[in-house]
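This report concerns surface features and charged pairs. The sequence and structure are shown first.

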Amino acid sequence: MAIHDDADMETVVKVTVASLQTSDLHIGKADRQITDAQIAQVEAAVERLRETLDFKKRINAGRS
């Protein structure tokens, strides 16, 4: 997933969602093994995304 620094938020969201959906399909394939270390890497990335989204939600709530 490559998003240019000057991309608008609509593009960022579209590319991010598509990447997450594709990643889900590939990680979920039964014929592919995943190590505990790899699972931890993915979980850490997901947690970082969740924290960023929570931050954005708080900012949006302050604008209402």
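This is a predicted model: local features need pLDDT of at least 70, side-chain atom pairs count only at pLDDT 80 or more; totals for chains, interfaces and linings use all residues.

The side chain of D54 meets that of K57 in a salt bridge, with an N to O distance of 3.9 Å. K57, at 57% relative accessibility, counts as exposed. Both K57 and D54 belong to helix α2, where a spacing of three residues separates them by about one helical turn.

A salt bridge also joins the side chains of R50 and E47, at 4.0 Å from N to O. R50 and E47 likewise lie in helix α2, three residues apart, or about one turn of the helix. E47 is partly exposed, its relative accessible area being 35%. By the rule applied, the count of salt bridges comes to two. In general, side chains of opposite charge can pair when their charged atoms come close.

## Nonpolar surface patch

I27, I34, I39, V42 and V46 make a nonpolar surface patch of about 330 Å². Helix α2, which spans residues 36-63, gives the most to this patch, with three residues.

I27 is placed in helix α1, residues 9-28. With a relative accessibility of 44%, I27 counts as partly exposed; this value passes the requirement of over 30% relative accessible area for patch residues.

Notes: Residues are numbered from 1 along each chain as its sequence is written. Side-chain values use heavy atoms; hydrogens and water are left out. Patches are made of residues with over 30% relative accessible area and no salt bridge: like charges are joined within 9 Å, nonpolar side chains (Val, Leu, Ile, Met, Phe, Trp, Tyr) within 5 Å. Accessible areas come from the Shrake-Rupley method with a 1.4 Å probe; for residues, only the protein chains shown count as cover. Helices (H or I, at least four residues) and strands (E, at least two) are DSSP runs, numbered from the N terminus. Buried means under 20% relative accessible area, exposed over 50%, partly exposed in between (1.4 Å probe, protein chains only).
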